[in-house]
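Here is a short briefing to read alongside the model. Please keep the viewer open as you go through it.

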Amino acid sequence: MPLHTTIDRYSFEQGFKEMGRDYYSTAGYDYLYETLDELDAEFDVVGICCDFTEYDDGEALLFDYGYILDEQGKTFADKEDKIEALVEELEDHTSIVHLENGGYILQAF
């Protein structure tokens with residue numbers, strides 16, 4: 001029989017910091033805590049870091065995943081249109097959330 005420990009939002013963030021994996025913003029930690037709590041997921045800092053990446057803004061997202069649109073040969077009026085198209089494309093492959101701070105959390109795929 002597995003044992004379960006419930007942690008609060010503060011302990012959740014502290015767990016990452018104690019392991020030297022403070023990779024998320026306050027908005028990122030809020031989203032991850034709420035999402036994983038709803039799923040009754042195991043608190044596995046390394047696993048979470050492998051599964052979820054936070055991007056500060058759309059430009060950072062374009063840097064890592066813009067090639068997807070480039071391979072399709074699409075052109076865009078401006079960078080904002082390209083970011084919007086990229087988010088739509090990524091939604092077809094994985095979970096991506098636009099955070100209240102302007103960043104994004106992307107689940108690995």
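Buried means under 20% relative accessible area, exposed means over 50%, and partly exposed is in between (1.4 Å probe, protein chains only). By that scale Asp-78 is partly exposed, because its relative accessibility is 41%. This is a predicted model, in which local features need pLDDT of at least 70 and side-chain atom pairs count only at pLDDT 80 or more, while totals for chains, interfaces and linings use all residues. Residues are numbered from 1 along each chain as its sequence is written, and side-chain values use heavy atoms, with hydrogens and water left out.

**Around Asp-78**
- Asp-78 sits in the loop between helix H5 (67-72) and helix H6 (79-91); helices are DSSP runs (H or I, at least four residues), numbered from the N terminus.
- The side chain of Asp-78 reaches the backbone nitrogen of Asp-81 at 2.8 Å.

**Aromatic pairs**
- Across the whole structure there are 11 aromatic pairs, meaning Phe, Tyr or Trp (six-membered) rings with centres within 6.5 Å; planes under 30 degrees apart are stacked, over 60 edge-to-face, and the rest tilted.
- Phe-12 and Phe-16 pair edge-to-face, at 5.1 Å centre to centre and 65° between planes.
- Because these two are four residues apart in helix H1 (residues 9-18), about one helical turn separates Phe-12 from Phe-16.
- Phe-12 also pairs edge-to-face with Tyr-33, at 5.5 Å and 65°, linking helix H1 to helix H2 (residues 26-38) across 21 residues.
- Phe-12 is buried at 3% relative accessible area, and Tyr-33 is buried at 18%.
- Ring pairs join Phe-12, Phe-16, Tyr-24, Tyr-29, Tyr-33 and Phe-43 into a cluster.

Note on methods: A polar contact is a pair of N or O atoms within 3.5 Å; within protein, one must be able to donate a hydrogen and the other to accept it, and residues adjacent in sequence count only if both atoms are side-chain atoms.
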